[in-house]
Amino acid sequence: MRSRLSWLYRLCGWLAALSLLATLLIIVLNILGRQFGFYLRGADSYAGYSIAAAAFLALAATLKNGDHIRVTLILQRLTGKGRRIMELWCLAAGALLSGYFSFFSWKMVWFSYVFHDISQGHDATPLWIPQIAMALGISALAIAFADDLIAALRDGSEEKTENRASASFVE
Amino acid sequence: MEQIFISIFLIVILFVILASGLWIGLTLLAVGLISMEIFMSRPVGDSMALTVWGYLSSWTLTALPLFIWMGEILFRGRMSEDLFRGLAPWLNRLPGRLLHVNIIGSAIFAAVSGSSAATCATIGKMTIPELRRRGYPEKMTIGTLAGAATLGFLIPPSIIMIVYGVAANVSIAQLFMGGVLPGILLASLFMGYVVIWSLLNPDQIPAAETGLSLWRKLYEARNLIPLVVLVLLVLGSIYTGFATATEAAALGVVGALIISRLQKTLTWDSFREGILAAARLYCMIALILAGSAFLTLSMGFIGLPRNLAAWIGGFGFSPLALIAVLTIFYLILGCFLDGISMVVLTMAVVLPTIEQAGIDLLWFGIFIVLVVEMAQITPPVGFNLFVLQGMTKHQIGFIARTAFPLFLLMIGAVLLIYFLPEIVTYLPSRMKGR
């Protein structure tokens, strides 16, 4: 079960990387199109969909890698039982929130499909298609939180993914 | 009255949940949910999904992941070695000698990198061991690096500017250009500090190395060519109006890929690691942006920004007093939060006040970048401090103390751009294709 789940997170991470690559290709094609006089209809919208897909699909892998940032000033100072309670609270709240969020993302996909919601841009894409990436990504995040929560409940005081502040090169 | 009470209640809730260690993006979503639940009867989950989708699938944000990716590619290349080799021979005569490599290297790398911590890690990778080996005083080596690396935000491209530009609806290309002169100004202030310090403490700086001939120096400078080409490609295409910020980011990624291919540092492994790391870093920011988009919506329902603007307007602050108050506010916030969270959390609330006071939003963006830079080096939470702690194994407190003089210089830079706003606005006003 565990290995199948981590396979899921990795797969989503890879799809996110592919979406990022797709964004690059769309924008480069758009620049080339302007220089050589061909027109890519709705390139802006497609680039928007693909960065959205990159962001949402990477959620679970980012969590597992310890890259999502949080304020750890208090957590770091806690030990033993206090620390365990706070960690459990964070994981439970995370699972609950992302579960709630994923439910409403699927609902949004469903409504876009039923009401034939179409992009306002030149691409006229039925919106439920790109929105699926969002629902999938957030669901994977919810599963990852639930997975961590169950693991934490099961094996007592042992700590998992340590937060690595230095990993955040982005700042 | 009731609204004020609810606003205070929400702010307290926000900080309690943040302090409890819940991930920042999720905290923002949670507080947004709580405040919407108080005011609306229908399920708020629907508007949450729609708001977040709309925000994260917008075209203006596309520049962000691409610049992050470009930084990841360059970090895995040999930019830091190139910079050191190209710059070091020229700085031997200047008081402070190779300490200036930290500052000029950071400033140049900042022109291809949108992030301060990435600049810190990339430059420090080379300068820390090299300067240590030559016997430079540790506190100067680390202090100048911690401070100068924050130029990663001020000198375009800049992740903070993209986030601010999207939040405040200011042109990202103009913000980028607005950061150029303040960035050069700040780098010069840092260099001036190193020169003065070295003149006062001449015995602490190691002797000059045997000078190279001019021809040899020029030959070494060839190492800088790839970086300079990349800077011209990215910033030049924006300045001349050839490309938007997003397109310049795409050109930058392609350029960085080609350069690392030519330098033989681009392998399938480094490509894969780079793109996966970029996706994760962007995702980390995107979760915070998602939370802030929803929180902004719900704050609007409560009328918090409007009330705050009216409240602060009631004091009749002069713009200078307002900026002073905001500087102190952001410095305190910066002790506990990272820059991006700081910007997205406060923008919705602060912008109406700024507009009411008649402060230019482009100028304010550069001001925000400067205070975020200070937040990078204020303990206990400052990302440059974390990066340097990882690289040098010194205590956070020690690193922060070494960077303190540069922190003061940044406050000086805020004052300078306040009294001479043209430092910010001159280049954007000259841009083509505005």
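This is a predicted model: local features need pLDDT of at least 70, side-chain atom pairs count only at pLDDT 80 or more; totals for chains, interfaces and linings use all residues.
1. **Pro157(B), cis bond.** The peptide bond from Pro156(B) to Pro157(B) is cis. Its omega is near -10 degrees. Pro157(B) sits in a loop of chain B, with helix H9 (151–154) on one side and helix H10 (159–168) on the other.

2. **Ala124(A), positive phi.** Phi is near 50 degrees here, a positive value in a residue other than glycine. Ala124(A) belongs to the chain A loop between helix H5 (80–114) and helix H6 (128–154). Its relative accessible area is 42%, so Ala124(A) is partly exposed.

3. The side chain of Thr125(A) makes a polar contact with the side chain of Asp123(A), at 2.6 Å. Leaving aside residues up to four places away in sequence, Thr125(A) touches Tyr46(A), Tyr49(A), Asp117(A), Ile118(A), Ser119(A) and Pro130(A).

4. **Lys264(B), positive phi.** Lys264(B) is not a glycine, yet its phi is positive, at about 60 degrees. The residue lies in the chain B loop between helix H14 (245–262) and helix H15 (268–302). Lys264(B) counts as exposed because its relative accessibility is 71%, and the cut-off for exposed is over 50%.

Terms used
Residues are numbered from 1 along each chain as its sequence is written. Chains are lettered from A and ligands numbered from 1 in the order in which they are written. Side-chain values use heavy atoms; hydrogens and water are left out. Helices (H or I, at least four residues) and strands (E, at least two) are DSSP runs, numbered from the N terminus. Buried means under 20% relative accessible area, exposed over 50%, partly exposed in between (1.4 Å probe, protein chains only). A polar contact is a pair of N or O atoms within 3.5 Å; within protein, one must be able to donate a hydrogen and the other to accept it, and residues adjacent in sequence count only if both atoms are side-chain atoms. Contact means heavy atoms within 4.5 Å.
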